[in-house]
Amino acid sequence: MNYAIDPQAIYQLINSDAIFIDIRDQFQFDKLHIKNFIHVSYHDFMNFISTIDKNKSIYIICYSGGLAKKLTYQLRNLGYKAYYFEGGFQAFLNPPSKIYF
């Protein structure tokens, strides 16, 4: 099954009660991040996620999509409703849009 989300779907998702997590490093997050995303480091991710209700949808983003995809499948195996943005944060930068940030 594919849990990749097209970046264009952010318009419909961003104001939902889902949890949006950015796992890029703190410097990258502080420099620029998408509205409503919280920063959780990759190393702290599993500790953080254990506090989240499994019935909530979780959307994960990293820089290029690879780590977010890996975490999505790990979370799915644990019973979470996890998804990742295809292409990662890079996909939102081409072309950049103030709508997201």
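The chain carries 10 positive and 8 negative side chains, with the centres of the two sets 3 Å apart. Lys and Arg count as positive and Asp and Glu as negative, while His and the chain ends are not counted; each charge is placed at NZ of Lys, CZ of Arg, CG of Asp or CD of Glu.

The model is predicted: local features need pLDDT of at least 70, side-chain atom pairs count only at pLDDT 80 or more, and totals for chains, interfaces and linings use all residues. Residues are numbered from 1 along each chain as its sequence is written, and side-chain values use heavy atoms, leaving out hydrogens and water.

The secondary structure comprises 5 helices and 5 strands, in the order β-α-β-α-β-α-β-α-β-α from the N terminus. Helices (H or I, at least four residues) and strands (E, at least two) are DSSP runs, numbered from the N terminus.

Values for the chain:

| Quantity | Value |
|---|---|
| Span of the C-alpha trace along its principal axes | about 35 × 25 × 25 Å |
| Buried share of the 101 residues | 40% |

D22 lies in strand β2 (residues 19-22). With 0% relative accessibility, D22 counts as buried, a term that means under 20% relative accessible area (1.4 Å probe, protein chains only). The side chains of D22 and R24 are joined by a polar contact of 2.8 Å. Such a contact is a pair of N or O atoms within 3.5 Å; within protein, one must be able to donate a hydrogen and the other to accept it, and residues adjacent in sequence count only if both atoms are side-chain atoms.

Conventions: Buried means under 20% relative accessible area, exposed over 50%, partly exposed in between (1.4 Å probe, protein chains only).
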